[in-house]
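Please look over the sequence and the model below before reading on. The paragraphs after them go through the fold part by part.

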Amino acid sequence: MGAVGAAAPGFDEADAAVVRRGIVLVGFMGAGKSTAAALAARAFGEPELDTDRLLEQELGETIESFFDREGEAAFRAREEELLLGVLARPDAGVVALGGGALGSERVRAALRGHVVVWLEVGAEEAWRRVAVGERPLARDRERFERLHAERRPVYAAAADAVVRTEAPPEAVLAALPALGALREELSRAGGPLRLVWARSASGDYPVFVGRGALRRGVFHPVGGRRVVVADERVAALHELSGDWSLSVPGGEAEKTVARAEEVLRAMARAGVGRDDLVVAFGGGVIGDLVGFCAAVYQRGVRCAQVPTTLVAQVDAAYGGKTGVDLPEAKNYVGAYHQPAAVLVDPDVLATLPHEEVAAGYAEVVKTALIAGGPLWDQVRSGADPAAEEVIVGCLGTKLAVVAEDERDEGRRQVLNLGHTVGHALEAATGYRRLRHGEAVALGLLCALRLSGQEALREEVAALFSARGLPARIEGVGVDEVVELVARDKKRRGGSVPFVLVSGAGAVSPGHPVAKEELRAAVDEVVCG
Ligand SMILES: NC(=O)c1ccc[n+]([C@@H]2O[C@H](COP(=O)([O-])OP(=O)(O)OC[C@H]3O[C@@H](n4cnc5c(N)ncnc54)[C@H](O)[C@@H]3O)[C@@H](O)[C@H]2O)c1
């Protein structure tokens with residue numbers, strides 16, 4: 001992480017005095033906290049404090065037997081007393097907390113002086129790991145799942161970092177350098193910062209999110225020269241220092257093979273090498289273009305994404321799809337290349353024109369429909385799409401999908417919701433008249449019509465209209481769009497499968513759609 005200046009404006013001064021001492025691992029039963037604590041303590045050369053073990057020493061018996069004899073309230077009181085003591089210790093290096101410890105308000109307050117890492121695990125995986133054990137709260141599956149659902153928001157609210165642990169201990173080991181960087185950064189008291197650990201089959205990487213992060217000079221990873229390729233408008237508005245930098249125009253019309261060649265040749269002339277870190281600083285166009293250049297330059301160099309539009313902060317910067325358009329079709333030339341890191345500063349969205357925010361809103365609504373649950377509830381109740389909570393909810397949804405299926409062979413296809421018609425509309429308008437997000441908004445309305453979700457379509461149309469997104473595009477013919485859909489690169493055996501919706505949180509790929517139905521749905525969003 002780079003040097004950090006004064007506390008960011010608007011940042012609570014009380015926080016400035018806090019030096020984050022320990023790494024405190026929290027999470028549900030079976031998340032792997034004890035294993036992770038041992039690994040982290042060894043890596044950081046610091047003492048490991050496993051509070052369940054300390055508690056058993058103090059009780060002089062196992063937690064299970066004390067819990068069974070004295071009951072949960074008596075157990076929680078003893079646990080709280082011990083945890084407050086441990087968290088106040090000056091040598092609190094790496095601390096693993098029991099799964100229910102965050103039920104205490106006093107414990108939650110005591111976490112303020114530490115870096116709280118939530119080891120996230122799904123209910124099913126957690127049950128698989130602990131069901132054979134003796135734990136008092138893991139004897140009845142239904143109760144276990146209820147508890148898992150109840151505790152999730154408590155962990156989420158307390159966490160500075162989230163690491164999913166479906167593959168322990170590798171995920172935790174890989175995340176340690178980023179966790180160390182997070183602790184260092186938080187201890188500088190420059191402002192809040194969160195870490196979300198992204199997993200994918202071809203590699204894991206950290207996503208840092210924090211208001212004012214750019215202004216504070218937060219950056220990760222360090223090492224090698226920093227080669228910044230920026231959107232020229234962004235470079236004029238925001239600063240990101242580099243050892244070498246280049247500005248190129250943004251906008252879809254610039255996402256071309258010719259522009260990629262220009263960037264690649266400039267990199268070659270500047271002597272960019274395999275040890276350097278290429279940084280894409282701009283919206284989704286720059287992220288896709290520069291990510292593609294990094295993927296193919298010398299057969300692949302590291303690339304960090306610093307997204308500056310809502311589209312890029314909620315969607316485009318994650319998941320490793322990079323590429324450029326051909327005049328014939330969008331994203332036809334590309335490569336998978338996972339970023340080395342993503343740095344998200346929601347403050348940079350302050351300079352984004354409102355039409356661009358609206359375009360990003362389409363991706364927010366799409367992602368919330370895929371996620372369902374709390375994210376959809378937030379979005380449908382009119383939450384500000386640029387709010388950090390919404391951005392984190394969206395990126396978490398995308399990362400979870402990509403972790404399951406990096407290469408678009410199954411689950412990942414849901415992210416294409418609204419994009420089949422959306423991409424055809426972009427191509428039909430020469431990539432100039434419609435922003436990507438505006439096209440996705442129209443495509444999403446078509447997908448909801450094709451899904452037979454009238455009420456949901458109306459609700460989404462009202463959300464779009466409140467943000468100023470167009471409900472129709474003029475000067476485009478239905479036949480042309482249907483023809484372009486048929487050329488979609490996801491077509492299989494002559495037909496293009498659609499992503500359809502049977503409710504918020506219930507989105508699935510691979511649905512055939514009859515040509516006449518498609519015509520009718522497209523007819524509602526275009527007029528020739
Ligand atoms: N790779 C993926 O998974 C993925 C996902 C979604 C979208 N995308 C791609 O993303 C692209 C769309 O991205 P986009 O909507 O960010 O477009 P964009 O990158 O063209 O940015 C939109 C406009 O905003 C300007 N801009 C950027 N940041 C700004 C800021 N902070 N302040 C002021 N102006 C700013 C740019 O100069 C540009 O004019 C499309 O090409 C789409 O295919 C990729």
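The model is a predicted one, in which local features need pLDDT of at least 70 and side-chain atom pairs count only at pLDDT 80 or more, while totals for chains, interfaces and linings use all residues. Residues are numbered from 1 along each chain as its sequence is written, and side-chain values use heavy atoms, with hydrogens and water left out.

An open sheet of 12 strands with mixed pairing runs in the order β2-β3-β1-β4-β5-β6-β7-β14-β11-β10-β8-β9; strands here are DSSP E runs of at least two residues and helices are H or I runs of at least four, numbered from the N terminus, and two strands pair if DSSP finds at least two bridges between them. Because β2 (48-50) and β9 (244-248) stand at the edges with a single partner strand each, one side of each is left without a neighbour in the sheet. From one strand to the next the twist averages 20°. Strands β1 (residues 23-26) and β4 (residues 115-120) run parallel and are joined by four bridges, and L25 has V117 in β4 as its bridge partner.

Helix α11 (residues 257-269) lies across β8 (226-231), β9 and β10 (277-282), at about 165° to β9, with angles taken from 0 to 180 degrees between the N-to-C directions of axes fitted to C-alpha atoms, for helices over the stretch in contact. Helix α12 lies across β8, β9, β10 and β11 (302-307) and runs at about 165° to β10. Elsewhere, α3 (residues 51-59) and α4 (residues 63-70) pack at an angle of about 65°, their axes being 9 Å apart. In this contact (heavy atoms within 4.5 Å), D52, L55, E56 and L59 of α3 meet I63, E64 and F66 of α4. These residues divide into four nonpolar, no polar and three charged.

The ligand is surrounded by 28 residues, of which D231, E252, T309, K330 and T351 are the closest, a residue being counted if one of its heavy atoms lies within 4 Å. Oxygen atoms of the ligand lie 2.7 Å from a polar side-chain atom of D231 and 2.5 Å from a side-chain N or O atom of E252, whereas a polar side-chain atom of T308 lies 2.8 Å from a ligand nitrogen. The protein covers 93% of the 870 Å² of accessible area that the ligand has on its own, by the Shrake-Rupley method with a 1.4 Å probe. Two or more residues of the shell come from each of α10 (232-237), α12 (284-296), α13 (310-316) and α14 (354-371).

Two backbone details remain. Most residues other than glycine have a negative phi, and most peptide bonds are trans. H220 and P221 are joined by a cis peptide bond with omega of about 0°, and P221 lies in the loop between β7 (205-209) and β8. R299, which is not a glycine, has a positive phi of about 60° and sits in the loop between α12 and β11.

Key. A polar contact is a pair of N or O atoms within 3.5 Å; within protein, one must be able to donate a hydrogen and the other to accept it, and residues adjacent in sequence count only if both atoms are side-chain atoms. Ala, Val, Leu, Ile, Met, Phe, Trp, Tyr, Cys and Pro count as nonpolar, Asp, Glu, Lys and Arg as charged, and the others, Gly among them, as polar.
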